[in-house]
Amino acid sequence: MTKETEAEEKLRALLAGNSAALAALDELVKDREAERYEGQLWPHVREYNRDIAAILGHACAVPTHFLHTSWSLGTPTGDLHNRYLDKVFVSVEEGLIEDLLARGIDGSIVEFGVFKGFMLGKLLDKVESLGARRRFYGFDSFEGLSRPSTEHDYEGWQEGQFKTTFEIAAANLRLSERPHLSLIKGWLNDSLKGPEAQAIRPVAYARIDVDIYEPARDCLAFLSDRLADGAILVFDDWPYASQKGESKAFIDWVKTVPHLRFEWIGQCSARIYFRVHHR
Ligand SMILES: C[S@@+](CC[C@H](N)C(=O)[O-])C[C@H]1O[C@@H](n2cnc3c(N)ncnc32)[C@H](O)[C@@H]1O
């Protein structure tokens, strides 16, 4: 037992029976713990916590543990771990889709950053398995990431990372059999201005998986007047830092959409899930 805890216990014994004084002591202890937690945080996490609490109206701490493994992809153990993690992430989004449909939120389902179609395929399968009819859109350069910002992205992201082809994604997603699916190829700062993109509204489910700041900022600008009341907004690579990547894009964008309110649903590793409300 630390000296501090010992002193606290003695004080509690002295105050026994005085409920107002005990309640004041509880508050003091809570404040001290919060201060201690703040003091242990890196400055960028403190800044992020402050910004996100201002947006949501409540604190929403950074997860203290991420699901990591030392075995790389391509090894049997690494692939096994990844398959399990993918199952967790997929089941979260399947649940969100089911809930969205049950609530009758109208609109399209849009993924920004499709790569070979893994997650978009899961969302399509879920909606179809429930017998629902929705328009789906997938946006991607299919050339991989655009150039990361030296200022607003963490090192590690590389231009051209996740390069694939439209044909691979189209085959994986069975595009030719799905008239309710459109894959829109191009750099987002361009493709979002095209006629097919511009005609998309409302959006019921938006999944931002472009990894880096600039395209995330472009997707959010596109969504400003398109998100339905009750829409789901998912970020797949949330760095928990106000000045970096998808977090920065969101924190900056929120100032431009005072007509929207964000309900935090949860976070899991680098993914964060919001429900969007119209004010
Ligand atoms: C991590 S991958 C997406 C993974 C995918 N959601 C899945 O389920 O496998 C990120 C994708 O974002 C795309 N991307 C990144 N920057 C882009 C940009 N500026 N314009 C268009 N696509 C971009 C990349 O081509 C890449 O396919």
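What share of the contacts in the protein chain with a separation of 6 or more comes from residues 24 or more positions apart? Such residues account for 68% of these contacts, where two residues are in contact if their C-beta atoms, placed from the backbone, lie within 7 Å.

## Basis of the model

This is a predicted model, in which local features need pLDDT of at least 70, side-chain atom pairs count only at pLDDT 80 or more, and totals for chains, interfaces and linings use all residues. Residues are numbered from 1 along each chain as its sequence is written.

## Overall layout

The C-alpha trace of the protein chain spans about 75 × 45 × 40 Å along its principal axes. Of its 279 residues, 30% count as buried. A residue is buried if 20 or more other C-beta atoms lie within 10 Å of its own, exposed if 12 or fewer, and partly exposed in between, with C-beta atoms placed from the backbone.

The protein chain holds 10 helices and seven strands. Helices (H or I, at least four residues) and strands (E, at least two) are DSSP runs, numbered from the N terminus. The chain is divided into domain 1 (3-39) and domain 2 (73-278), with bounds that come from an automatic or database domain assignment. The C-alpha centres of domain 1 and domain 2 lie 46 Å apart.

## Strand pairing

Two strands pair if DSSP finds at least two bridges between them. β4 (203-208) is joined in the parallel sense to β1 (residues 108-112) over five bridges, and Ser-108 stands opposite Val-203 in β4. β4 also runs parallel to β5, again with five bridges; here Arg-207 stands opposite Val-234 in β5. Six of the six residues of β4 are buried.

β5 (227-235) runs antiparallel to β7 (residues 271-278), with four bridges joining the two. Leu-233 has Phe-274 in β7 as its bridge partner. β7 pairs with β6 (residues 260-268) in the antiparallel sense over eight bridges, and Phe-262 has Val-276 in β7 as its bridge partner. β6 and β7 form a hairpin with two residues between them, and Ser-269 in the turn has a positive phi of about 55°.

## Nonpolar core

A nonpolar core is a set of buried Ala, Val, Leu, Ile, Met, Phe, Trp, Tyr and Cys residues joined through C-beta atoms within 7 Å. The largest such core has 56 residues, of which Tyr-205, Ala-206, Cys-219, Leu-227 and Ala-231 touch the most other members. β5 gives the largest share of this core, seven residues.

Not counting residues up to four places away in sequence, Leu-227 touches Pro-202, Val-203, Ala-206, Leu-233, Leu-260 and Val-276.

## Helix α10

In α10 (residues 245-254), the buried residues are Gly-245, Glu-246, Ser-247, Lys-248, Ala-249 and Phe-250. Their cover includes α3 (43-56), β4, α9 (213-223) and β5.

Ile-251 also has its place in α10. Ile-251 is partly exposed because 18 other C-beta atoms lie within 10 Å. Leaving aside neighbours within four places in sequence, Ile-251 is in contact with Asp-51, Ile-55 and Ser-242.

## Ligand surroundings

The ligand is surrounded by 18 residues, and the closest are Gly-113, Phe-115, Met-119, Ser-146 and Pro-215. A residue is near a molecule if its C-beta atom, placed from the backbone, lies within 6 Å of it.

The shell around the ligand has 10 nonpolar, four polar and four charged residues. Ala, Val, Leu, Ile, Met, Phe, Trp, Tyr, Cys and Pro count as nonpolar, Asp, Glu, Lys and Arg as charged, and the others, Gly among them, as polar.
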